[in-house]
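Subject: Handing over a structure

Hello,

I am passing a structure on to you, with some notes on what turned up in it. Please open it alongside this email and follow along.

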Amino acid sequence: MAVAEVAGAAPAGVAVAAPAAPAVLGGPTGAFCDGQGGSSARATGMMLPNDAITIQNGLERSMKGSIIMVRRTHAGRKPPNSRMLDTDARLALIHDWLSRELHLAQVRIEVASSDASFRRYFRVWNGTNTYIVMDAPPEKEDVRPYLKVTRLLEELGAHVPHVHEADSARGLLLLEDLGAMSYLQQLERGGDSAALYGDALAALANIQLHGAAACAQLPPYGRSELAREMALMPEWFLARHLSLTLTAAERELLEAAFEFLIAAALAQPRVFVHRDYHARNLMVVGERNPGIIDFQDALCGPVGYDLVSLLKDCYIAWPRARVVSWVQGYRTRLLEHGGPAGASEAEFLRWFDLIGVQRHIKVLGIFCRLWYRDGKAGYLADLPRTLDYVRETSAHYPELGPLARFLEERVTAQLPRANERIAAAGAQRTGAQP
């Protein structure tokens, strides 16, 4: 989310700096999406029995660089908690925790960002060291799933932010600072896509090849989760955004397509699924690239899910031939190490494509819900690309032919009109302001 300027005076004894404005991302090759939008299924389970505990080496492990732990987006997407008042009790609590309990002297705190949930993130300077503080009010957010998945991924050798200190009772974590450069930013600056995606695919393969025990500790990405996610599309995208009234035959068509996609997802081998493994949640780091963030909603699910999140996401698109080449190379890696590679390249590509349709149907609903329920209009600009993924892939598979025709005949032409309506209403409100 956009970096927020601190309003009002800071709590006594804490220096709170307003960071520089983020660069505007996007452009001809980039868009932005929120894979979960505050996801409906959240990992559960206990890691720490204590309310407050020092993790591993504690504070003596220095940290380098500076990372904003959640997304930056373009102007117009207002984050929750975008202004902090001088009465912000949580900020005062953070300062007290850092200075009195963790004995970090001369702490300077900068607002990093807030995400689609109630979590907020702050960058903390202590001399030359920097840290990230996750602020997750316990009545709204439970940090224990994050701690659990962190442990599972670290045990697999993935480069996730190391947890230096945790107070789960008060919803405070002190995390490693992974660096300020996301994959998306690096790619937009002309970064080496072959090298970046090579690292990302290698890290993902390592998790999938060695994560069976970790996967067994995660909730399943099952029928109910898959169905609930896709149900967001007719409710929020078709009915609310496009103002479409479906006929009985169209409702049956969608139900049949969704049932087919659920069955296809459940037929895939089960692996550790990050759920948002994409260019905004991968950070460019000097050692053990990439740094991986936003993994707390991990589930045990289809082998193709994270792969499609990375290669067919909502904010940077690649030619089909290049995507297929990456998928084939990834399958070869799995095959060489005895992983779940399918009986053929065609089967593996089918897994990849079909779980992508499920994911993008979900995202169509989430993007619209983020506007109509949460007031975040910026995601509407990402709907055309997301819809194109669904249309193009559905047209390649006979079982989804009716869905492809429905989208072409009833949906495609309506989307730009709906987006223009929202944009015009926003411009009218802006123009009316003094």
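This is a predicted model: local features need pLDDT of at least 70, side-chain atom pairs count only at pLDDT 80 or more; totals for chains, interfaces and linings use all residues.

Leaving aside residues up to four places away in sequence, Phe237 touches Leu232, Leu242, Leu364, Gly365, Cys368, Leu383, Val411 and Leu415. Together with Leu238, Phe237 has the most contacts inside the largest nonpolar core, which has 108 residues. Helix α11 (residues 345–372) gives the most to this core, namely 15 residues. Another core lies apart from it, with 16 residues that include Leu93, Leu104, Val111 and Tyr131. As background, nonpolar side chains tend to be buried together in soluble globular proteins.

Next, have a look at how α11 meets helix α10 (residues 320–336). The two pack at an angle of about 115°, and their axes are 10 Å apart; the crossing is right-handed. From α10, the residues in contact include Val323, Val327, Tyr330 and Leu334, and among their partners in α11 are Phe348, Leu349 and Phe352. By class, this contact has 8 nonpolar, 1 polar and 4 charged residues.

Finally, find Ala231 in the loop between α6 (223–230) and α7 (232–241). Is Ala231 buried or partly exposed? Its relative accessible area is 36%, so Ala231 counts as partly exposed. The C-alpha atom of Ala231 is separated by 9.3 Å from that of Glu255, 24 residues apart along the chain.

Enjoy exploring!

Definitions and conventions: Residues are numbered from 1 along each chain as its sequence is written. Side-chain values use heavy atoms; hydrogens and water are left out. A nonpolar core is a set of buried Ala, Val, Leu, Ile, Met, Phe, Trp, Tyr and Cys residues joined through side-chain atoms within 4.5 Å. Buried means under 20% relative accessible area, exposed over 50%, partly exposed in between (1.4 Å probe, protein chains only). Helices (H or I, at least four residues) and strands (E, at least two) are DSSP runs, numbered from the N terminus. Contact means heavy atoms within 4.5 Å. Axes are lines fitted to C-alpha atoms, for helices over the stretch in contact, and angles run from 0 to 180 degrees between N-to-C directions. A crossing is left-handed if the near helix is turned anticlockwise from the far one by less than a right angle, and right-handed if clockwise. Ala, Val, Leu, Ile, Met, Phe, Trp, Tyr, Cys and Pro count as nonpolar, Asp, Glu, Lys and Arg as charged, and the others, Gly among them, as polar.
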